[in-house]
Amino acid sequence: MSGQPAVLCLRFRRIGGGPPDSAAYEGLLALLGAFTPVVEAAPPDGALADVGGALRYFGQDVAGLASVIRVRALALHGVDCAIGAAVNPMLARMAARQAAPGTTFTVPEDETAGFLAAKPAAALDGVGPATARTLCGYGLDSVGRIAAAPLATLQRITGVRTGRDLWERANGIDRTRVVPNAAARSIGAERSFPRDELDPERHRRALLSLTEELGARLRADGQVCRSLAVTVRYVGRSGCTTLTRSRTLPEPTAHSAALTALVYRVQDSFALQRARVRGFALRAEGLHDAERAAHQLSFDPVDERARRIEAVSDQVRAKFGPQAVKPGRLAA
């Protein structure tokens, strides 16, 4: 079995469309647990599983085992699966993005270079638009060209650590492992106004205080979140109404600025500029360890400065209390 793909990345989709609900998702994780104890939840609609031991136990190749999992998920939970299979989590995730619902896309170890070669630079984990533009400016517009570039060249362009990460990923090397965990928990907070509030600026300040609080809590716990659920309570023509909308972040994060930007976009989507708002609630969902989160490489000096300030602010809060440092917009 040496060298055989043994990591599965599964994306779940209900037959009628949309991700499974929380009960079905937990059932799907339990289903995977019947095949292997090495299952990593990736809410709300995904999971990683290392099935190396299961292949030997069930006497199946990876495609055969994936088919059994897919049939049981459909029969028991009404959920279809797109499955990527490869020798490490990064390649399995990339394979899953290429798999159609109801199919398994397998990347054999000896075909890794061919699978990666023609893909754009942005297809690699951690390579966002800014990094991709920088690489393309040097003619490194495909994974194959990045893999063929000398390591020293990549390090001169992007920095020592980033350059090595890029070179390894482009060559199909992923040092992360599937880490067993339960379905990720969530944390929340809320703000209520003493009276129905019409002022949009006060709405924004309440949301900012929520993202600052949740961001600080996540960082203190060494966690990142994958998505945010925003709830607004307001008074409409038919009385008090509650709306909730969830959005997935571009990448798992605990960075307060990223949380705030997403929450503001969700608030704008409510189109309640003249609403009499009674309160907001915010829930960070899909939590997992920050150390295992892939962070998009960035050359934005403003963002890097904000992250450094955030780290110092966290140290001050830890020593003097949560109110020791706050954005100027909240201090006014």
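In this predicted model, Phe-58 counts as partly exposed, since its relative accessibility is 35%, a value between the limits of 20% and 50%. Tyr-57 has a relative accessible area of 69% and is exposed.

A pair of aromatic rings is described by the distance of the centres and the angle of the planes. The structure holds five such aromatic pairs. In the pair of Tyr-57 and Phe-58, the ring centres are 5.1 Å apart and the planes stand at 80°, so the arrangement is edge-to-face; the angle required for that class is over 60 degrees.

A tilted pair is formed by Phe-105 and Phe-115, with 5.8 Å from centre to centre and 40° between the planes. Because Phe-105 belongs to strand 5 (residues 104-106) and Phe-115 to helix 5 (residues 112-117), this pair ties together parts that are ten residues apart in sequence. Phe-105 is partly exposed at 27% relative accessible area, whereas Phe-115 is buried at 12%.

The protein as a whole contains 13 helices and ten strands. Its radius of gyration is 22 Å, close to the 20 Å that the globule rule gives for 332 residues, so the protein is as compact as a globular protein of that length. Of the 332 residues, 45% are buried. Among contacts between residues at least 6 apart in sequence, 68% join residues at least 24 apart. The accessible surface comes to about 16700 Å², and carbon and sulfur atoms account for 53% of this area.

Technical notes. Residues numbered from 1 in each chain as written. Predicted model: local features only at pLDDT ≥ 70, side-chain atom pairs only at ≥ 80, totals over all residues. Heavy atoms only, no water. Helix = DSSP H or I, 4+ residues; strand = E, 2+ residues; numbered from the N terminus. Rg over C-alpha atoms; globule rule 2.2 N^0.38 Å. Buried < 20%, exposed > 50% of the residue type's maximum accessible area, 1.4 Å probe, protein only. Contact = heavy atoms within 4.5 Å. Areas by Shrake-Rupley, 256 points an atom, 1.4 Å probe, with all protein chains shown as cover. Phe/Tyr/Trp six-rings, centres within 6.5 Å; stacked < 30°, edge-to-face > 60°.
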